Amino acid sequence: MKKILVFITGLFFLANIARAEVIDKIVATVNDRPITTYDLKELAPFYHAKDEKQLLNEVINDYVIEDIAKKDGIVLTDQDINEFIENVAKNNKLTKDELEQKIKQEGLSYDYYKEFAKFNAYKLKVMQKIFAPTIQIDEKEIKNFYNNHPDLFNQSTVTLDIIETKSKPDIEEAMKQLKLGSSFDSVKEKYSINKNGPKQLYVADINKQLQGIIEKMQVGQISPIIESTNGYFIIKVLDKKNVNLSFDDVKDKIRNLLFEEKLNERFSSWLSGIKSSMDISTFDENWSFFKTIAYC
C-alpha cells in the first residue's frame, strides 16, 4: 500500500559523527536480545532522536516490532528492504547506489543503515497487515478537513525557465553568454540539453536547496550556476504567485494525510500495549555518546 510510505520517508542521512571511542556494553534487552552502545552509536544518525533516552526507546520499539512481526508470520525479504532504500533514495533525488555512496562518504555504516531499513520495512508490513485494512476515510471527513484548514491549500507557485547541461564547461559558457547580454532563450537553444518550455511549479514540491535560491530571486532574475547530482542548471524566474487549490486538486492528498494520522494513532496505541507484555530490560544509564553526533 503505497500511501503509507510517506510515514517512513522523511529521512536525514547527512550526519557527522566525531570518532570518539565508545566502550561497548549492553544497555537494554528485548526478549533477551541485546542492544549495545555500539549499536546505538551506529544507528543514531538515521533516527530523529533528540537525546540518548529517546534514541534507546525508538530502537527498543523497532526490536519489539520485529519480534512481533516474526511471531505473526510476517516474512521480510531482501526485496522489501531494497524497496524501502530505493524509496528513500528517490525522495532524496538519488539512485540507490548514490544513496549508499553518500552514506559512506559521511563516514556512516551502510550495514547499519540496512538494519535501520529492515526495521522500517517490518514496521510497514505490520501496519499493512494489522491496521491498514481497518481504516476508512469518508468524503465528509475529507471535506471537513479542507474547509477547516484553508491556509494549507493556498500555495505559492513559481514559473521557471531552465538551462540544463551535463557538462561544467558548457554551463560556464552559457553563463558567460548571458552575462554578455545574450537572451536566455538563445542561450538555452544553444547549450541546454532540455529544450522544454517554462514550467509552473508549486514551491512546496521543489527541493529545499532550490527553494532557498528561488525565495531570494525576483521575477526576471537569473540564478547562479546550480550543481546537482543530475547535472548543472541555470534558472530564470518568470513569475511568482499564490493560488488556491480546489477540493478536487487536494482530496487525495487529504485522504492520505487522514489515513496516516489514524494509522499512526492506532499503531502507537498498539505498540504501547504490546510492550507491556514483553520482556524488556534496560541497564546502566550512565552511558553517553550522543554529544558526538551533530545533525546537519
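Reader: Of the 59 residues in the largest nonpolar core, which touch the most other members?

Author: This is a predicted model, where local features need pLDDT of at least 70, side-chain atom pairs count only at pLDDT 80 or more, and totals for chains, interfaces and linings use all residues. Residues are numbered from 1 along each chain as its sequence is written, and side-chain values use heavy atoms, leaving out hydrogens and water. A nonpolar core is a set of buried Ala, Val, Leu, Ile, Met, Phe, Trp, Tyr and Cys residues joined through side-chain atoms within 4.5 Å; buried means under 20% relative accessible area (1.4 Å probe, protein chains only). The members touching the most others are I35 and Y113.

Reader: Which element gives the most to this core?

Author: Helices are DSSP runs (H or I, at least four residues), as are strands (E, at least two), numbered from the N terminus. Those supplying at least two residues each include β2 (26–30), α2 (52–71) and α10 (247–275). With 11 residues, the top contributor is α5.

Reader: Is α7 roughly parallel or roughly antiparallel to α8?

Author: The axes of α7 (residues 168–179) and α8 (residues 184–191) come within 10 Å and cross at roughly 160°. Axes are lines fitted to C-alpha atoms over the stretch in contact, with angles from 0 to 180 degrees between N-to-C directions. Angles under 35 degrees count as roughly parallel and over 145 as roughly antiparallel. Therefore α7 and α8 are roughly antiparallel.

Reader: Which residues of α8 make the contact with α7?

Author: Contact means heavy atoms within 4.5 Å. Helix α7 brings D170, E173, A174, Q177 and L178. Helix α8 brings F184, V187 and Y191.

Methods
Buried means under 20% relative accessible area, exposed over 50%, partly exposed in between (1.4 Å probe, protein chains only). Angles under 35 degrees count as roughly parallel, over 145 as roughly antiparallel, 65 to 115 as roughly perpendicular and the rest as oblique.
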